[in-house]
Amino acid sequence: MQEIHMVKRLTSSTLVVLLGTLMFSCGRADSSIEGAEVQEVHAEDTSEVNVLGFAPDSLRCVEGKVKSGQFFSNLFGALGMSAQEAYNLAEACDTVFNVKSLRVGNTYRAYYSSDGRLEYMVYDRDRMHCVVFDCTEPYDLWVYGKPVTRNEKYADVTISSSLWNDMLAADVSPLLILSLSDIYAWTVDFFGLQKGDRFRVLYQETECDGDVVSVDTVRYAVFTHAGQDFPAIMFDQQDGGNIWWNEKGESMRKAFLKAPLKYSRISSGFSYSRKHPVTRKVQPHTGVDYAAPKGTPVMTIGDGVITSMKYEGAGGNTIRIRHNSVYSTAYLHLSGYAKGLKVGQRVRQGDVIGYVGSTGRSTGPHLDFRVWKNGTPINPLKMESPPAEPIKDSNKEAFAETSAKYKAQIDSIQAYKVLPALLEVL
């Protein structure tokens, strides 16, 4: 049975951070939701400063959720305000809160005085912020950023069933999967992970109200497959937008080829209103046609896995390739496939996968090339290819130091975990 290691916290530097301008005057604050400043309040200050801006313990609290079909005026009407009072509150809040932004299912807490009058309403805008409405004249509102904790974490997960299940079993937030899938999108097929594959990751995590709300930074990761390690090192001291690199200083993001073949001309572009040359009907053409002689080699524009290789009616002989969790491509009207290819096979950028033909619904030899990003067709000619420039010579020393530092951290953690077993043997 594969061992699944539990997540281990390296250090914990806890800050109680209030996001929003908490400039209290007589128990109230004047603040704007957008562009709010950040003010730190230390734990020992919380007993002296009421962070909500009023004293909730002296009031009766009623909790609820925004219902379907409920909007600002009838919500506050249901809480006890008259139509005119709700209108006046909306007018007072108009410059800093869009009353149309209430979301169905979001929670709120209404606070009442002893005589039953609505004094305050606290609306949970998201998991980290709430909006406080002062429901008495002259009416006001402000934003309260809930206390958050940022922790440096380490995760060591070995696949036994699925990455999702095994991360949950290891007490690791599944949000880490999103970060890893972005970093390793050009290296790891996340749809084809195998039992025994392993991830070791140094990262930063943000918690609020006991829940993980974000994985902010992956500093170092190692993906192990078939006994081979694939490190990813965060190094953000080089211009160009890329911040993750392999151990050789090569970008983790690979560039696509500009075109999948040597072609004579583009005979048809990407359009949602093209008149088909055979049917003469106006219909979408979510690809680019490259006119080229029959038998011209067709190459895959990037590393990936063949998901389909068959005759597809109007598309003729077609190969489909999934490059990563974001991009996939298709190559239509081929006269034939490259020898030895099969579904499930991994291909490398520039590999010949087939040859230009005119199979299916076609007026002559050409390649119909198509690209999807997150399942949506995009124009191949306007596709942004990720940068692939390696670490510059001027940054190599700093990069090597960064890589060695993170690697030493992981090695020391692994040694610490192995030590108890060694002591037992001795």
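Guide: Welcome! A salt bridge is a side-chain nitrogen of Lys or Arg within 4 Å of a carboxyl oxygen of Asp or Glu. Please keep in mind that this is a predicted model.

Visitor: Thanks! With which residue does the side chain of Arg348 meet in a salt bridge?
Guide: The N to O distance for this pair is 3.4 Å, and the cut-off is 4 Å. Arg348 sits in the loop between β24 and β25, and its partner, 45 residues apart from it, is in the loop between β20 and β21. That partner is Asp303.

Visitor: Is Asp303 buried or exposed?
Guide: Buried means under 20% relative accessible area. Arg348, at 48%, counts as partly exposed. Asp303 has a value of 15%, so Asp303 is buried.

Visitor: Which strand holds Asp229?
Guide: Asp229 makes a salt bridge with Arg200, at 3.7 Å from N to O. Arg200 is buried at 11% relative accessibility, and Asp229 is partly exposed at 39%. Arg200 lies in β12 and its partner lies in another strand, so the pair ties together parts 29 residues apart in sequence; the strand of Asp229 is β14.

Visitor: On to the rings: how many aromatic pairs does a search of the whole structure find?
Guide: One of the pairs is Phe54 with Tyr120, at 4.0 Å centre to centre and with 5 degrees between the planes. Phe54 and Tyr120 are both buried. For the whole structure, the number of aromatic pairs is 15.

Visitor: Is the pair of Phe235 and Phe399 stacked or edge-to-face?
Guide: Planes under 30 degrees apart count as stacked and over 60 as edge-to-face. Phe235 and Phe399 are buried. Their centres are 5.6 Å apart and their planes 85 degrees, and the pair is edge-to-face.

Visitor: Which helix has Leu176 and Ile177 among its buried residues?
Guide: Its buried residues also include Ser179, Leu180, Ser181 and Ile183. They pack against several elements, among them β11, α3 and β12. The helix spans residues 175-183 and is α4.

Methods: Residues numbered from 1 in each chain as written. Predicted model: local features only at pLDDT ≥ 70, side-chain atom pairs only at ≥ 80, totals over all residues. Heavy atoms only, no water. Phe/Tyr/Trp six-rings, centres within 6.5 Å; stacked < 30°, edge-to-face > 60°. Buried < 20%, exposed > 50% of the residue type's maximum accessible area, 1.4 Å probe, protein only. Helix = DSSP H or I, 4+ residues; strand = E, 2+ residues; numbered from the N terminus. Contact = heavy atoms within 4.5 Å.
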